[in-house]
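Dear colleague,

Please read them with the structure open beside you.

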Amino acid sequence: MEQVLGYLEVVDCEIEGGDQGMTILNNELQSGIEGFLAIRRHSMVKIGRHKKECDVVFNEPSISSVHCVVWVTLFDDEAMPMFYIKDTSLNGITINGQSLKKNIAYLLQDNDIIDIWNHTIDLSPDDDDHVVNKPLFKFVSHRSQTGSASGMDIYEKLNISKTIGDWEIGTRVVGNGTFGHVLVCYKDSTSLSSLKETKKPQQRKCEFAVKIIKMKPNRIDKEAKILLTLKHPNIIQVYRTFNDLNGNLYIFQDLIPGGDLFSYLAKGSCLSSISEQEALLIVFQILHALKYLHDHGIVHRDLKLDNILLNSPEPCTRITLADFGIAKTLTSEIKRMHTVVGTPEYCAPEVGFKADRQMYSDFSRVATIEQEHTGYDQKCDLWSLGVITHIMLSGISPFYGDGTEKSIVKNTKIGNLNFSTQHWSNVSPNAKEFVKALLTVDVEKRLDAQGALNHPWISKHLATLQQIYDKKILTPKEKLKLDKGSELNKENINIVKREDWKKKTPKATLPHSLKKVFKPTYSSKKIYKSKIEYFK
Ligand SMILES: Nc1ncnc2c1ncn2[C@@H]1O[C@H](COP(=O)(O)OP(=O)(O)OP(=O)(O)O)[C@@H](O)[C@H]1O
């Protein structure tokens, strides 16, 4: 069983003449301490009226079936856990007297008091009629959340500003990558005054995320430029970017609270598979995002478990593609790419990775090593999706070999797949065919995004998938917008028609003087860091 990372302490629970209708089910036994509900990785604490679904059950009509949920995400073993709460109720909940927006996850901080009875509506100290002695919950984390990099020195350490315009940068780290640090941030809200006028309780500030990248001088960042043009429910939403005088680029974006797909699959010391239905809904959403990107001439080029974020760590949740650090926009002039970029483990063979580490000795964010081949196109993203689907269905990375770059690159070029192991015994033939159709070395024969959506594995379940997507994944507003047809935020982007990509382009024409070297990045940053084994 996973380690306890935090607790909800039951407080203000002076029960008179009965149990006030509260039943704590399994969770109390797991925490081992009476009156404390354990919060562990990979399991959500649910509070509500529904006996089968919830860990804490209140038999009261004012409490919704699932009233609120609490969970924790952990980026890696060295990171501080992030605890979230989401109000899923009809009547609302408050934290420290502040109301929450429905269905939006908020970060919990030590000693936060969670009130599921919504006292704030008419609570006054002299009011004898208000509900008393109803249990509240106090959140307590197991480890200090400020950690070693204390709030004061993170700004100094990263040489970043505390505020950028009306954005306030917090001290909590959401994740770290090869290129940047992702921190929690807040946007100054002016709407509080209007809330006061309507005598509603003050609303808790929503959290956002900011990715901060150290830029090399005179580099224009393509990631920020591309992200500002995108608007899709399955692609990270960016609100603002800013370059400071210290060479930092700030990308202000939505905070995605469920952690990344790598952390979701990493249980114990290996990656575990998930059910075919669960994988199908994830693939369906990624394909929606890829279709949108590719239709607009954008290739992600670094699809991997780490860059797929979850809205909450549970099945049937929204998936968000992040990290457009090496994405590329194709235009009518540039129809193919010749730069070797990405993560070898997920990288299509035609991208042209070499196993020779020497070649990648000098690191550059705008990675450029000239390719020997005729280039590659958007189908490289479909190969990466094939690797991701393979891992989700079997828990195994298909070309990982002995884990060395040499063996990964060699295995990828051969593209052999083995579905005869016990890991595949419960996987349907259609799912295996789907993986095979994406992990096809011959690019011409490999499916594109639309082809993948038409594959029997997806098309057989299309009606159900679309229904779940429309009703559970999208908000009604998003559904309406998608129905009207997706539009880019900015008009001045050179859109390539799909037919143009199919036209063959001449061999790479970059002069040798432009040859630069590139060091690959790894999703496996976590594999190397925490030594997670792929093979069970
Ligand atoms: N908006 C976000 N909300 C929540 N978590 C995020 C967000 N953006 C990034 N993360 C987390 O931070 C990690 C690093 O972010 P990101 O991948 O964008 O950085 P990077 O430096 O480009 O990484 P890489 O080494 O993969 O190139 C991600 O794996 C993810 O877990």
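**Strand β7 and its partners**

In strand β7, K86 is the bridge partner of V69. Please keep in mind throughout that this is a predicted model. The pairing of strand β6 (residues 68–73) with β7 is antiparallel, and six bridges join the two strands. β7 also pairs with strand β10 (residues 105–107), again in the antiparallel sense and over three bridges, and here L107 in β10 is the bridge partner of Y84.

Are the residues of β7 buried or exposed? Strand β7, which covers residues 82–87, is mostly covered, with six of its six residues buried. M82, Y84 and K86 point one way from the strand, while F83, I85 and D87 point the other way, and all of them are buried.

**A sheet of six strands**

As background, the strands of a sheet pair through backbone hydrogen bonds, and they do so either parallel or antiparallel. Further along, six strands form an open sheet with antiparallel pairing, and their order is β13-β14-β15-β16-β18-β17. Because β13 (163–164) and β17 (238–243) stand at the edges and each has a single partner strand, one side of each is left without a neighbour in the sheet.

Within this sheet, strand β14 (residues 167–176) and strand β15 (residues 180–187) run antiparallel and are joined by six bridges.

With best wishes

Definitions and conventions
Residues are numbered from 1 along each chain as its sequence is written. This is a predicted model: local features need pLDDT of at least 70, side-chain atom pairs count only at pLDDT 80 or more; totals for chains, interfaces and linings use all residues. Side-chain values use heavy atoms; hydrogens and water are left out. Two strands pair if DSSP finds at least two bridges between them. Helices (H or I, at least four residues) and strands (E, at least two) are DSSP runs, numbered from the N terminus. Buried means under 20% relative accessible area, exposed over 50%, partly exposed in between (1.4 Å probe, protein chains only).
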